Amino acid sequence: MSRDPRVRLEQLRFLYNIQLHHLRQTEHWIRVAEERVAEATSREPPPPQWGYSHARGDKPPTVHAWDCGMSGPKKPLTREQARRALTIDQIPPCVYCTPDRDLGVLE
């Protein structure tokens with residue numbers, strides 16, 4: 001290795017330019033991957049917001065927010081189906097996630 005500081009500086013600038021090139025290439029790959037993820041995500045249907053849990057043992061069927069952890073397996077419902085289940089079908093709401101409040105269905 002040369003002891004001349006100018007040579008060392010030139011070597012470091014060369015290394016910097018190579019690393020900068022690699023960084024730009026990696027940034028390009030990230031942008032391409034993000035575009036592919038965005039495209040794939042845009043084709044997926046949105047997750048349901050509401051669900052219906054079937055009766056289990058002594059527990060009656062109930063309407064839940066989809067992300068409620070107290071429901072167990074549930075059938076997905078649209079907003080309109082959940083409102084109908086609560087009002088017309090008289091299926092009780094979950095007391096933990098209170099979907100009746102979020103759906104604007106008050107007794």
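The exercises below concern the fold, surface and charges of a predicted model.

Residues are numbered from 1 along each chain as its sequence is written, and side-chain values use heavy atoms, with hydrogens and water left out. In this predicted model, local features need pLDDT of at least 70 and side-chain atom pairs count only at pLDDT 80 or more, while totals for chains, interfaces and linings use all residues.

**Exercise 1. State which elements the protein chain has and in what order they run.**

Step 1. Helices (H or I, at least four residues) and strands (E, at least two) are DSSP runs, numbered from the N terminus.
Step 2. The protein chain has three helices and three strands.
Step 3. Read from the N terminus, their order is α-β-β-β-α-α.

**Exercise 2. Find what share of the residues is buried.**

Step 1. Buried means under 20% relative accessible area, exposed over 50%, and partly exposed in between (1.4 Å probe, protein chains only).
Step 2. By this cut-off, 21% of the 107 residues count as buried.

**Exercise 3. Identify the salt bridges and describe the exposure of their residues.**

Step 1. A salt bridge is a side-chain nitrogen of Lys or Arg within 4 Å of a carboxyl oxygen of Asp or Glu. The structure holds three.
Step 2. Asp-4 pairs with Arg-6, with the closest N and O atoms 3.4 Å apart. Asp-4 is partly exposed at 27% relative accessible area, whereas Arg-6 is exposed at 65%.
Step 3. Glu-39 pairs with Arg-43, and here the closest N and O atoms are 3.0 Å apart. Both belong to helix H1 (residues 5-43); because they are four residues apart, about one helical turn separates them. Glu-39 is partly exposed, at 48%, and Arg-43 is exposed, at 61%.
Step 4. Asp-102 and Arg-101 form a salt bridge with an N to O distance of 3.4 Å. Asp-102 is partly exposed with 37% relative accessible area, while Arg-101 reaches 54% and counts as exposed.
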